[in-house]
Amino acid sequence: RALAVSLFFKAYLAISQKLCDAGIISSKAVPVAEASGAEIFHTPALKSSQLFERDCSEQPVCDPIGRPKVHAAALKQATGEAIYTDDIPRMESELYLALVLSTKPRAKITHIDPTQALAMEGVHAFYSHTDLTEHANEVGPVFHDEHVFAAGEVHCYGQVVGAIVAENQALAQRAARLVSVQYEEQTPVIVTIEQAIEHKSYFPDYPRYMNKGNVEEAFAEADHVYEGECRMGGQEHFYLETHAALAVPRDSDELELFCSTQHPSEIQKLVSHVLSLPSHRIVCRAKRLGGGFGGKESRAISVALPVALAAYRLRRPVRCMLDRDEDMLITGTRHPFLFKYKVGFTSEGLITACEIECYNNAGWSMDLSFSVLDRAMHQFENCYRIPNVRVGGWVCKTNLASNTAFRGFGGPQGMFAAEHIISDVARIVGRELLEVMRLNFYKTGNLTHYNQQLEHFPIDRCLNDCLEQSRFYERRDEIARFNRENRWRKRGISIVPTKYGIAFGVMHLNQGGALINIYADGSVLLSHGGVEIGQGLNTKMIQCAARALGIPIELIHISETATDKVPNTSPTAASVGSDINGMALLDACDKLNKRLAPVKKALTQATWKEWINQAYLDRISLSATGFYAMPDIGYNAATNPNARTYSYYTNGVGISVVEIDCLTGDHQVLSTDIVMDIGSSINPAIDIGQIEGAF
């Protein structure tokens with residue numbers, strides 16, 4: 001109703017303005033401060049600039065490190081020639097799989113009848129939990145608390161109940177809709193975090209706590225104590241390429257999978273589990289992904305496992321690529337969070353204590369929710385030093401699709417709470433937010449609440465650079481003037497600093513592998529454990545190998561990520577892809593350089609190709625594996641107190657100006673300035689692309 005009245009008023013202002021312009025009514029009929037209420041937003045002409053520090057060290061001409069090299073597949077992707085999973089040409093006797101999905105959020109399955117679907121010409125099979133043993137049907141990335149096909153009951157709308165295999169996509173999807181599933185609905189249906197708290201619907205072993213200092217004592221001594229809460233909703237990944245998989249039987253007991261996944265080794269492992277085949281008979285390949293953002297780290301199993309089962313049983317290639325609506329229904333989102341906090345601080349705004357409760361909405365299964373919560377608990381203080389801390393964490397079990405990894409993995413949610421807290425403190429003590437931020441910033445040498453020392457903490461420099469770049473003080477005065485002159489349109493300026501820890505939260509994932517093959521013509525084929533998701537990982541790996549081997553990037557190629565080239569890989573996630581795989585590649589290059597050293601010494605004036613040819617004639621191995629284990633991490637207060645939680649941190653500051661229409665709630669971002677400290681960039685063009693893409 002309020003919006004309808006606002007739109008009516010907006011129309012009144014717009015018409016009055018036209019009548020004024022035409023001289024029909026007095027120009028004073030609409031006060032100047034009211035006039036902007038008639039305006040609507042228009043897409044502005046976009047303009048941007050990207051600045052980076054050049055590597056001024058003495059570099060050979062062919063050394064590509066630190067240079068803004070073009071993404072290796074950019075031209076193919078721009079022209080549409082790049083091959084994604086579903087672009088692989090249809091094979092002889094290939095079938096298509098469509099999923100049968102739950103239409104209830106919580107219910108017992110009383111009866112499944114595929115008779116009508118199987119009677120259709122061209123429909124070959126229907127699979128459900130009865131086609132697998134109870135053990136084989138239980139899957140999950142860490143805890144096996146999910147099912148390939150729902151067994152006995154469903155826990156969310158869109159849960160996979162079965163799968164139809166038919167001659168083509170249209171037929172398979174039509175047949176899937178004809179499978180009759182009868183339910184006995186159950187209560188309560190829990191959707192929100194508040195409902196989960198009301199029903200105490202938590203996963204076992206929660207809450208968990210982290211403590212530092214004495215919170216109660218600090219509260220007693222604080223000038224001010226304030227309690228508040230904030231919440232953050234979910235977010236759809238919306239990768240351009242939806243989940244897709246193609247499974248091809250090879251021989252009687254081998255299976256090859258082409259899968260849109262950030263974690264090929266996990267698909268291999270779970271297909272092995274479901275089919276009771278050893279992993280060495282299963283190969284999972286991923287050439288490139290059309291985006292992932294965490295959504296393809298663990299959720300690819302929803303499509304890959306039914307496809308693998310059907311191909312193995314029918315001995316024919318089977319494919320499935322989800323439609324957008326199916327993908328959004330089946331897969332989870334970013335974790336919604338609720339934070340309840342109590343903060344103690346001085347009259348100047350210096351925070352002395354914080355007690356915070358973190359609740360995340362996991363959906364119906366655990367997936368990676370425990371780890372997402374863990375990172376939110378580690379990063380709830382963002383860039384601010386809080387000497388006395390008590391953090392509690394709850395993983396809430398609800399009747400939603402299982403929420404999963406999503407760019408930042410709990411970090412953005414934790415930082416969101418920190419920014420709410422610092423804003424509250426500034427408001428209560430009546431000081432400028434910027435002053436209170438600076439007062440509370442960590443300094444180099446400080447310890448976090450998980451006892452990691454900040455060896456280098458450049459947030460002040462990032463902030464000062466960003467303030468200067470954005471003309472912050474000048475803009476702030478302009479905004480104050482604009483807001484005084486306009487009643488129905490308002491502008492605001494926001495500052496957000498960030499601190500993000502680089503490492504997997506699970507110790508054993510912080511490892512990388514690589515394989516390098518040099519051919520007799522001097523060309524080099526790289527394989528590593530990371531997946532190219534569009535983020536430019538392969539381009540960076542080619543640059544690293546080019547520097548290490550001292551050759552032009554044109555001689556190096558990466559074909560795909562495959563489990564038969566590099567085994568037991570970690571997921572391409574947590575912002576460590578270039579770190580762990582790049583170091584593994586350097587290890588392999590080091591081995592090859594040592595083998596080639598005698599040849600180079602004997603033929604000092606020869607070319608790379610001549611050295612390689614001579615090495616081949618001298619029967620020197622031109623293939624090497626590399627491995628890297630991230631050192632000095634794995635902090636545990638009881639068992640490993642001297643280690644770190646994170647290998648290092650990246651820091652940044654963003655300043656945005658936003659305008660809102662107070663009548664409709666419509667808004668527009670007018671400008672954004674971002675300064676990031678990411679160390680010495682391997683490829684500034686790609687890193688800037690990642691920063692802009694993330695924003």
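Here are some notes on this predicted model, point by point.

1. **Ground rules.** Because this is a predicted model, local features need pLDDT of at least 70 and side-chain atom pairs count only at pLDDT 80 or more, while totals for chains, interfaces and linings use all residues. Residues are numbered from 1 along each chain as its sequence is written, and side-chain values use heavy atoms, with hydrogens and water left out.

2. **Helix α12, tucked inside.** Helix α12 covers residues 369-378. (Helices, H or I with at least four residues, and strands, E with at least two, are DSSP runs numbered from the N terminus.) Nine of its ten residues are buried, so α12 is largely enclosed by the rest of the structure. Buried here means under 20% relative accessible area, exposed means over 50%, and partly exposed is in between, with a 1.4 Å probe and protein chains only. The buried set is Ser369, Phe370, Ser371, Val372, Leu373, Arg375, Ala376, Met377 and His378. What do they pack against? Their partners are strands β9 (208-212), β15 (337-345), β16 (351-363), β17 (388-397) and β18 (489-502), plus helix α13. Contact means heavy atoms within 4.5 Å.

3. **α13 against α14.** Two packed helices are described by the angle between their axes and the distance between the axes. For α13 (residues 411-429) and α14 (residues 433-440), the angle is about 115° and the axes are 9 Å apart. The axes are lines fitted to C-alpha atoms, for helices over the stretch in contact, and angles run from 0 to 180 degrees between N-to-C directions. This crossing is right-handed; that is the clockwise case, and a left-handed crossing has the near helix turned anticlockwise from the far one by less than a right angle. On the α13 side you'll find Glu419, Ile422, Ser423, Val425, Ala426 and Val429, and they meet Leu433, Val436, Met437 and Asn440 of α14. The contact comes out as seven nonpolar residues, two polar and one charged.

4. Grid points are joined across faces, edges and corners, and the volume is the space filled by probe spheres set on the points. The cavity has 17 lining residues, and Glu146, His147, Val160, Arg299 and Ser302 lie nearest its centre. Strand β5 (146-147) and helix α10 (301-314) are the elements giving two or more residues to this lining. The largest share, four residues, comes from α10. By type, the cavity lining has ten nonpolar residues, five polar and two charged.

5. **The second largest pocket.** This one holds about 1700 Å³ of space. It has 40 lining residues, and Ser49, Gln50, Leu51, Gln469 and Ile674 are the closest to its centre. Helices α15 (459-469) and α20 (684-694) and strand β25 (667-677) each supply at least two lining residues. With ten residues, β25 gives the largest share. The pocket lining divides into 17 nonpolar, twelve polar and eleven charged residues.

6. **Backbone spots to look at.** There is a cis peptide bond between Thr187 and Pro188, with omega about -5°, and Pro188 sits in the loop between β8 (180-185) and α7 (193-198). Another cis bond joins Tyr206 and Pro207, with omega about 10°; Pro207 is in the loop between α7 and β9. Ser276 is not a glycine, yet has a positive phi of about 55°. Is Ser276 buried or exposed? It is exposed, with a relative accessible area of 62%. Phe409 also isn't a glycine and has a positive phi of about 55°, but Phe409 is buried, at 16% relative accessible area.

7. **Gly582.** This glycine is in helix α18 (residues 577-602) and counts as buried at 3% relative accessibility. Leaving out residues up to four places away in sequence, Gly582 touches Met541 and Gly577.

How values were computed. Ala, Val, Leu, Ile, Met, Phe, Trp, Tyr, Cys and Pro count as nonpolar, Asp, Glu, Lys and Arg as charged, and the others, Gly among them, as polar. On a 1 Å grid over the protein atoms alone, a cavity is a set of points where a 1.4 Å probe fits but cannot get out, and a pocket is an open set with protein on both sides within 12 Å along at least five of seven lines; lining residues have an atom within 4 Å of a point.
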